[in-house]
Amino acid sequence: MKLKYSLITRRTFLNTLFGGWLFAFFAGTFSALMKFAFPTLGKEPDFVVLNRKDFTDLANNSVKRFPWGGVVGLYFKKADGSVLALKGVCTHMECNVAYKPEERRFYCACHNGWYDENGKNISGPPPKPLEVFTIMEEGEKLIIAKKGVKVELPKA
Amino acid sequence: MNCPKLKNWLEERYDWEGMKRFAKRKLVPEHRYDLWYYTGGITLFLFILQFLTGMLLAFYYVPHIDFAHKSIIEIVTKQNLGWFFRSFHHWGSELCIAFLFIHLFGTLLLKSYRKPREFLWATGFILLGVSIFFGLSGYLLLWDERALAAVRVATGGAGNFPFIGGFIKAFLRGSIDVTGDTLTRFYAFHVAILPIITLLLVGLHLLLMQYHGMSVPLSLEKEKRREIPFFPNFFYKDLMVWLVVLGVLATLAVLLPPEIGAKADPLAPPPENVKPEWYFLFLLETLKLFPGAILGLNGETIAILMVSCAILFFFLIPFFDQRSARGEKSPLFTWIGVIYLLYFLTMTVVGYLS
């Protein structure tokens, strides 16, 4: 079937063609610029591998820091000798938290937030408990992993 | 696009229709030399591209003697499209200076500098000087062997200037030799001081051009000529030319990435057969012509003085050329222009081949 009239005018066709081409051109340029401006952002690790010896003689009721990706992780030995690994970053505004041994609590100085020995938020603005990691030991290695993550060590 | 509401909103606050009338009234002459009108626009476009890519590169560049070289290698190897933007910035600078020279010699030979456009010429000329300093300062940021040698020679040459040479050299180097202090200094020139000066000068240049309108060559001034509106006719033509330039630039950037030499070592001898950027070659070749001593005086100093006088004369041509200022033919200055152009081209080629 042949239409008597064209559905679009020649002008609409050309405007769409060139407009679309211009849009594609600028979108391409812009995305290239943004790709460079936003770096490959560091991803939070699924697990980190530490040296077990560094953490064995930790005194009771004290913490030792370890690097968790770009942020701080806390290896924590409670007063009763049990251990816990936490992400040392406040769940409120991402400040680093400190352990107060005399009060047996974690403290965030930025907005006066408190967490108990197990990382549970108990006072101040923090909305969520601190993230707690799983601790595994493999020979000389101490592996700290996100909860529920399957650890696959690269073959040396 | 037709938005009556937006139009009304603007019209209530600004003289929108008046501005549109103004844009329509601006005319660009059409004649057999009008190709030269595009060279200034191309240079402006290249400046914009240099500003954009430069801002992006500054996100990752580290202006410190220990990390500068490494940070550029990381930009090129690790960042998304980093290799492209670094290469693009490099080729952008080369094309920018090439088009500045083309624009300069076009203006010179068509005598567009003549009365009343003397200050237009002066701002453009200073912009060329600023751009060459942009090139030199940007080159040092790479902190490789060749950059170190180039900046040593350039600042040392400035040091041969009589009386004030020592001060210029000390100011540029920020220390006795080209060191980490020079690097931070050149970084400040490259990303803060020169961009501000450039913005001011480009603004002034465009304002003056708007005020005077496009110059028409002397030989065509009496003829009846056609004119086209700047907006949209000439503007669209400008955009088309810019697109071609962008294409050429991107092609160069992809196919010919600039090399990164070994990290600069202030104690090592310069690499064999080291050459400066092409726009310094004519200077270098000129300096080579002079013997070490002339009548007991330092040859370098005399050479620098003569080159400075030649450049100063070039700068002041609009004020010397009285005939073209009166609207008469001025063959003497055409010949002077041709001699300058031929000298520049010959010495650049000689420097390139030697």
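Predicted model: local features only at pLDDT ≥ 70, side-chain atom pairs only at ≥ 80, totals over all residues.
Two strands pair if DSSP finds at least two bridges between them, and strands (E, at least two residues) and helices (H or I, at least four residues) are DSSP runs numbered from the N terminus. Residues are numbered from 1 along each chain as its sequence is written, chains are lettered from A and ligands numbered from 1 in the order in which they are written, and side-chain values use heavy atoms, with hydrogens and water left out.

**Strands of chain A**

- Strand 2 (residues 62-68) of chain A and strand 3 of chain A are antiparallel and share seven bridges, with R65(A) standing opposite L74(A) of strand 3.
- These two strands form a hairpin with two residues between them, where G69(A) takes a positive phi near 60°.
- Strand 3 (residues 71-77) of chain A also runs antiparallel to strand 4 of chain A, and five bridges join this pair; here Y75(A) stands opposite A85(A) of strand 4.
- Strand 3 and strand 4 of chain A make a hairpin as well, with five residues between them, and G81(A) in its turn has a positive phi of about 95°.
- Strand 4 (residues 83-87) of chain A is mostly covered, as four of its five residues are buried, where buried means under 20% relative accessible area, exposed means over 50%, and partly exposed lies in between (1.4 Å probe, protein chains only).
- On the side of strand 9 of chain A, V132(A) is the residue that stands opposite L86(A).

**Where chain A meets chain B**

- The contact (heavy atoms within 4.5 Å) takes 10 residues from chain A and 13 residues from chain B.
- Chain A and chain B bury about 1000 Å² between them, 77% of it on carbon and sulfur atoms, where buried area is the accessible area (1.4 Å probe) that two parts lose on being put together, summed over both.
- Of the area that chain A buries against chain B, 57% is supplied by L33(A), K35(A) and F36(A), more than by any other three residues.
- The residues on the side of chain A that touches chain B divide into eight nonpolar, one polar and one charged.
- Between chain A and chain B there are zero salt bridges, a salt bridge being a side-chain nitrogen of Lys or Arg within 4 Å of a carboxyl oxygen of Asp or Glu.

**Backbone features to look for**

- Most residues other than glycine have a negative phi, and most peptide bonds are trans.
- N112(A), which is not a glycine, has a positive phi near 60°; N112(A) lies in the loop between strand 6 (105-108) and strand 7 (113-115) of chain A and is partly exposed, with a relative accessible area of 43%.
- L81(B) likewise has a positive phi, of about 60°, and lies in the loop between helix 4 (68-78) and helix 5 of chain B.
- K115(B) and P116(B) are joined by a cis peptide bond with omega of about 10°, and P116(B) lies in the loop between helix 5 (82-109) and helix 6 (118-141) of chain B.
- The peptide bond from F231(B) to P232(B) is also cis, with omega near 5°, and P232(B) lies in helix 10 (residues 230-255) of chain B.

Conventions
Nonpolar A, V, L, I, M, F, W, Y, C, P; charged D, E, K, R; others polar.
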